[in-house]
Amino acid sequence: MALLPILEFPDPRLRTVAAPVDPARITSAEFQKLLDDMFETMYEAPGIGLAASQVDVHQRFMVMDISEEHDQPRVFINPEITARDGEQVYQEGCLSVPGIFADVTRADRITVSFLDRDAKAQTLEAEGLLAVCIQHEMDHLAGKLFVDYLSPLKREMVRKKLAKQKRQAAA
């Protein structure tokens, strides 16, 4: 397995809308290795979710594991939210926006249809953190970031803070 570079805001590639994955490709050794590499990258970062768009692969799939023990890996390929209910505010962070956290309002409960890592059709009802994570990662597949939910002023503050962090890291 290999660690993949994670794109960081404001990289314009994060705004690319991901294309659907050809189901015939899912069980290929190449695609399965990419999934494994994404899990390794996500765990190392450390994070609980990673969309393919974040590693410069602009296809509709994502990996996640919200367990403390890293023993509940989930793969969502060509995910579609088919139902939403309720509302929750959750403080989100993002591997593509390191060190920044902000409150985001999302649906509390969702139903999502997707293909799993074996190319089998699945439907999942999710709530709480899992629902937030799915919605967050699906935003990446649509070229959207959690900072887009912030006011333009706060978004500009985030951009400046990240630029400053990069300058300090390079010094």
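I looked up Glu137 first: its relative accessibility is 4%, so Glu137 counts as buried (buried is under 20% relative accessible area, exposed over 50%, partly exposed in between, with a 1.4 Å probe and protein chains only). I kept in mind that this is a predicted model, where local features need pLDDT of at least 70, side-chain atom pairs count only at pLDDT 80 or more, and totals for chains, interfaces and linings use all residues. Residues are numbered from 1 along each chain as its sequence is written, and side-chain values use heavy atoms, leaving out hydrogens and water.

I found Glu137 in helix H2, residues 128-141 (helices are DSSP runs of H or I with at least four residues, strands are runs of E with at least two, numbered from the N terminus). The unreviewed UniProt entry annotates Glu137 as "active site"; such annotations may be inferred rather than shown by experiment.

Next I listed contacts, meaning heavy atoms within 4.5 Å. Leaving out residues up to four places away in sequence, Glu137 touches Gly49, Leu50, Ala51, Gln54, Met62 and Met64.

Then I turned to helix H1, residues 29-44. Its buried residues include Phe31, Leu35 and Met42, and the buried residues of H1 pack against strands S1 (49-51), S2 (61-64) and S3 (74-85).

Last, I searched for aromatic pairs and got 3 in the whole structure (rings of Phe, Tyr and Trp, its six-membered ring, with centres within 6.5 Å; planes under 30 degrees apart are stacked, over 60 edge-to-face, the rest tilted). Phe76 and Phe114 have ring centres 4.5 Å apart and planes at 50 degrees, so I noted the pair as tilted. Phe76 sits in strand S3 and Phe114 in strand S6, 38 residues apart.

How values were computed
The expected span of a helix is 1.5 Å times one less than its number of residues.
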